[in-house]
Amino acid sequence: MVYALEFVAAFCAALFAGAALYINLVEHPARMGLETRAAAMQWAPSYKRATWLQAPLALLSFLAGALAWLMGAGAWWLISAWLIGFVVPFTFIVIMPTNHRLLDPGRDLSSAETRTLLERWGMLHAVRTGCGLISAALYLWLLLGV
């Protein structure tokens, strides 16, 4: 049972990290190559869809890693679980205010402020990406027993 939890934790963290990395290296830079109004209009539906992919992966990885630790897998499993789990409160506390400002129905999507918010969002999302990558790498290291 512990090995199954470890596998689920690592697999979900790797999927999360891959999706987050794609957003930071490919999708968001391509979006930012557009004029501000088009970038903001593309960001909104992309953000909403990505939420339903990334949030469950982070939560499942956290839960599986924490359960593996509770079942005796070792403290590093809890540390890795904490890293991937950190993205959830970070999103709610730090990123969500930017998201709400970008999604404000009265927002001028062509404004310089909108551009600044999109740039800020990309930097904040990079924190999530970093946590996901570190967690996935640590989980993999633990799984392989390196």
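In this predicted model, the buried residues of helix α3 are covered by elements that include α1, α2, α4 and α5. Helix α3 spans residues 75-85, and within it Trp77, Ser80, Ala81, Leu83, Ile84 and Gly85 are buried. Ile84 is also listed among the residues with the most contacts inside the largest nonpolar core, to which α3 gives two or more residues.

**Nonpolar cores**

- The largest nonpolar core holds 20 residues, and those with the most contacts inside it are Ala9, Ala13, Phe16, Ala58, Ile84, Val87 and Tyr139.
- Two or more residues of this core come from each of α1, α2, α3, α4 and α5, with α1 providing the largest share, eight residues.
- Once its neighbours within four places in sequence are left aside, Ala58 is in contact with Phe16, Ile84, Val87 and Val88, and of these partners Phe16, Ile84 and Val87 are themselves listed with Ala58 among the core residues with the most contacts.
- Another core lies apart from the largest one and consists of 17 residues, among them Ala50, Leu109, Trp121 and Leu124.

**Largest pocket**

- The largest pocket contains about 310 Å³ of space, and of the 21 residues that line this pocket, Tyr47, Thr51, Ala55, Thr91 and Arg128 are the closest to its centre.
- At least two lining residues are supplied by each of α1 (2-32), α2 (36-70), α4 (87-103) and α5.
- Sorted by class, the lining of the largest pocket comprises 12 nonpolar, six polar and three charged residues.

**Thr114 in helix α5**

- Thr114 belongs to helix α5, which covers residues 112-144, and with a relative accessible area of 0% this residue counts as buried, because the value is under 20%.
- A polar contact of 3.0 Å joins the side chain of Thr114 to the side chain of Ser111.
- Beyond its neighbours within four places in sequence, Thr114 is in contact with Thr36, Ala40, Leu102, Arg107, Asp108 and Leu109, and Leu109 is one of the residues of the 17-residue core.

**Leu53 in helix α2**

- Leu53 is located in helix α2, where its relative accessible area of 44% makes it partly exposed, since this value falls between 20% and 50%.
- Although Leu53 and Phe16 are 37 residues apart in sequence, their C-alpha atoms are 8.0 Å apart in space.

Key:
Residues numbered from 1 in each chain as written. Predicted model: local features only at pLDDT ≥ 70, side-chain atom pairs only at ≥ 80, totals over all residues. Heavy atoms only, no water. Helix = DSSP H or I, 4+ residues; strand = E, 2+ residues; numbered from the N terminus. Buried < 20%, exposed > 50% of the residue type's maximum accessible area, 1.4 Å probe, protein only. Polar contact = N/O pair within 3.5 Å; in protein donor to acceptor, adjacent residues only side chain to side chain. Contact = heavy atoms within 4.5 Å. 1 Å grid on protein atoms, 1.4 Å probe; cavity = no way out; pocket = protein on both sides within 12 Å on 5 of 7 lines; lining within 4 Å. Points joined across faces, edges and corners; volume = space filled by probe spheres on them. Nonpolar A, V, L, I, M, F, W, Y, C, P; charged D, E, K, R; others polar. Core = buried A, V, L, I, M, F, W, Y, C linked by side-chain atoms within 4.5 Å.
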